[in-house]
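Work through the exercises below with the sequence and the model at hand, and compare each step with its solution.

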Amino acid sequence: MSVTIDRRTALKLGLGTAGSTFLGDLAFAQAKDAVTIGWPSDVPSWDPNQRFTPDAQPIFKLVFDQPLDQNEKLDLIPKLITKWELAADGLSMTVELRDDVTFHNGDKMTAEDFRYTFFERIKAGHKVDTANSWRKVTDIEVTSPTKAVMKFNSPAPTAPQWLAFLGSFMVPKAYMEKVGVEPFREKPVGTGPYKLVEYQLNSRIVLERNDSYWGPKPKLKRITFDIVKDPSARVAAIQSGQVDLTINVPVREVERLKREPTLAAEINPITRVILLQVRNDLGFEDANVRLAAHHAIDKAALSKAFYGGAAVPLSVVATPGTAAYLPDFKFEYSPDMAKAALAKAGFSPEKPAKIKFAATNGHFPSDYDIARAIQQMWQKVGIEAELETIEYAKYFELNRGAKLPEATLYSWDNATGDPEIFTGYLLSPKMPFSAWKGMDVGQKVLDLFEIADYNKRIEGYRALNKIAVEAGATIPLLQSVVTVVRKKTLNYAKYENGWVLASSMDWS
Amino acid sequence: MTSILSLIARRIFVSVAILVIVSALLFCILRRLPVDPAAMSLPPNATLAEIEAKRHEMGLDLPLFRQYLIWLGQVAYGDLGISIHFRRGVAGLITSTLPATIELAVLAMLIAGALGIAGGLFMFHVRGTAREAVADAGSIALLSLPEFLWGLFFILLFGVALELLPFTGRLSSGFERPVITGFLLLDTLLMRRLDMFWDALKHMILPSLALGLAFSPTIMRVLRSSLIDVYQEDYIHQARLRGLSERRILVHHALKNAILPTLSLMGVQFGFLFGGTLLIEVIYSYPGLGNLMVDAVRNADLPIIQAVGLAYCVVVLAINTVVDALYVVLNPKLRVT
């Protein structure tokens with residue numbers, strides 16, 4: 001038998017022995033009923049209705065429950081609400097709540113809490129983002145402790161989806177009214193499977209299992225989130241065993257970490273779309289130029305170069321598996337077609353169309369690099385794009401003031417997978433998410449906002465998805481990915497929207 | 001004693017004036033940035049009317065000078081505004097994070113000082129020998145690496161390869177953080193929890209070493225130069241003629257004088273070192289003021305940026321006052337009777 005000692009092992013043995021004598025052994029190993037997760041961002045506050053922060057949703061979902069939930073395939077499923085029925089005109093929705101749910105402080109959850117969360121606290125002027133998502137609510141009529149009717153001032157076809165989406169978490173009326181909003185944030189009370197036991201801003205969140213939880217009990221007793229914002233530090237943390245699972249590490253690191261014997265590393269496509277938001281005026285007024293810009297982009301090459309080929313090239317603003325995705329519709333990559341379209345508009349590589357192009361730098365993986373690659377692809381066919389960097393925080397402000405340039409590289413997250421929150425929001429001329437203000441496509445979107453019938457609505461969006469791309473109203477690029485690195489013996493449920501829920505984890 | 005007190009009084013007066021000027025500059029610069037705090041305070045789907053109402057509520061439609069006076073009046077009462085991102089009081093956020101950064105910076109300065117003085121003495125000791133070039137090259141090499149590179153290197157070496165030291169947060173999972181003064185090392189000692197003190201210290205070793213190492217070479221080089229200058233003085237020759245040992249001359253005569261410029265430098269360096277915590281705190285997930293600032297910049301959270309800027313200014317001014325006072329204590333020539 002021979003023992004091979006490489007340089008790293010020798011270094012470990014030498015310095016490690018000396019070091020651990022001085023510093024003591026670090027207890028990196030976790031108990032089997034606990035897990036430490038390296039998470040890239042903190043929660044903005046412990047009022048779950050306060051800010052729409054997609055990265056915080058998987059944390060909020062442990063402490064608070066949503067009225068409705070989604071399974072791993074993103075189907076809408078009952079949670080605190082057992083039954084829901086949207087009226088045919090979309091102007092009201094009757095909901096039936098569970099009668100066996102208690103908050104962490106022992107208070108029973110009733111329809112009054114539902115009314116408080118989605119209506120009363122908004123009317124009371126609490127600074128919550130849900131005031132905007134539920135602005136259509138004119139009243140919530142409580143008909144019994146477990147029944148309520150939501151009333152809307154205009155059709156709200158995606159009200160059920162929104163009950164499982166950003167910020168829609170049930171908060172306790174009696175407790176919040178008793179202690180006030182600020183103390184609630186310091187000591188939050190939810191109905192979720194875990195209770196908050198320790199919180200340090202920008203550093204650590206410690207949760208302990210709520211043993212009187214009304215639903216299926218999670219297997220792990222203690223969850224610790226270490227907030228590690230730097231991607232390299234997250235890689236180091238998982239490699240050294242200081243955390244058991246981490247997300248959003250660079251794709252190239254995933255390839256390397258896959259080879260570690262104790263780790264499993266994955267690149268999971270999620271319901272987030274990377275696209276070009278386009279204007280219908282300025283240098284993009286002519287549809288031929290917009291279509292040429294689309295034909296010129298080699299999406300497969302972008303995926304291979306920046307996401308290890310894991311990001312699926314998209315031809316519509318929807319991800320595979322979601323209701324309005326069109327698997328048979330492909331928008332062709334063809335520099336020749338791009339040149340031909342540009343020629344129709346009077347442009348060529350010698351006489352290029354000139355546009356401005358904006359991109360964030362560091363908002364999502366490789367964003368600026370993707371923009372530079374697109375800029376070069378465009379240059380080859382005859383589009384000269386002046387690339388500028390914008391801060392993500394500025395994006396909405398620029399869009400609201402119609403100050404975005406002809407094309408903007410953007411990433412749009414939609415955990416529900418519903419087409420209204422994809423194409424609808426991104427192309428509605430009345431919403432601040434859309435750079436496109438043309439009414440040809442815009443009116444079709446506004447019409448779909450009025451349709452409450454689910455099947456009819458989905459059919460409408462499937463048709464619209466194709467029309468929007470063929471009109472050059474949007475340029476979908478890639479399905480985004482989330483990277484997950486974990487210890488091989490730690491199991492978790494893989495949600496198609498990228499949620500990594502500690503409540504689904506266990507050790508094998 | 002009187003001279004020190006009058007110096008401190010003078011410095012406090014000047015510091016308040018500096019703070020007012022800095023705050024006015026910060027206020028004007030931040031208000032001139034192409035960022036709309038009203039729009040940032042609302043969700044993306046807020047209407048223009050809602051943004052306008054918010055702008056009015058925040059007083060952003062008032063003339064800049066009036067906005068500043070209102071802000072200054074609020075600051076006088078300890079109200080630093082409401083964070084756009086966190087939607088809670090900025091003063092609370094600053095007080096909960098500042099102690100962590102001060103603790104880190106002080107430990108880093110101690111490391112930088114110890115390494116700097118030891119290195120400076122060594123460089124002075126080897127002057128004129130073959131080892132001088134090696135020591136000189138070593139100090140330049142240390143000087144040329146920024147603190148964040150040291151930070152990453154230490155994570156890879158001591159955290160990943162050797163698994164010797166933790167590199168995220170301030171305390172291991174399982175310890176409940178005491179909240180007495182906010183200074184974790186002090187709090188754990190007050191609680192007589194040596195195990196927790198040791199754990200907190202282990203969490204601070206790598207970030208403070210990264211910071212300290214990056215700042216030590218300047219101290220080394222200044223101390224060496226000061227010692228060389230001091231050794232040209234007559235009193236050193238006289239001490240030799242009196243038959244004092246080289247060690248006694250160095251410790252009791254030369255070092256006492258040579259340390260004064262080094263001390264001034266350390267005061268100035270502390271300001272840079274405090275600023276250096278920004279990246280180090282992000283790399284080490286250290287929940288201090290730097291981490292808060294990076295978040296604030298990312299979210300264009302102007303009230304936090306303004307307050308953190310002021311907090312940095314206050315700390316730097318305070319340290320410089322302490323250093324000046326120390327300078328007077330150590331230098332009899334500056335004492336006015």
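**Exercise 1.** Determine how many residues of chain A are in contact with chain B, and what area the two chains bury.

*Solution.* Taking contact as heavy atoms within 4.5 Å, one finds 52 residues of chain A against 59 residues of chain B. The next step is the buried area, meaning the accessible area (1.4 Å probe) that two parts lose on being put together, summed over both; for these chains it comes to about 4700 Å², with 54% of it on carbon and sulfur atoms. The model is predicted, so that local features need pLDDT of at least 70 and side-chain atom pairs count only at pLDDT 80 or more, whereas totals for chains, interfaces and linings use all residues. Residues are numbered from 1 along each chain as its sequence is written, chains are lettered from A in the order in which they are written, and side-chain values use heavy atoms, with hydrogens and water left out.

**Exercise 2.** Find how many salt bridges cross the interface of chain A and chain B.

*Solution.* With a salt bridge defined as a side-chain nitrogen of Lys or Arg within 4 Å of a carboxyl oxygen of Asp or Glu, the rule gives four across this interface. Arg87(B) and Asp129(A) form a salt bridge through their side chains, at 2.9 Å from N to O.

**Exercise 3.** State the volume of the second largest pocket, and which residues lie nearest its centre.

*Solution.* A pocket is, on a 1 Å grid over the protein atoms alone, an open set of points where a 1.4 Å probe fits, with protein on both sides within 12 Å along at least five of seven lines, and lining residues have an atom within 4 Å of a point. The volume, the space filled by probe spheres set on the points, is about 1100 Å³. Of the 44 lining residues, Ser41(B), Lys54(B), Glu57(B), Met58(B) and Ile82(B) lie nearest the centre.
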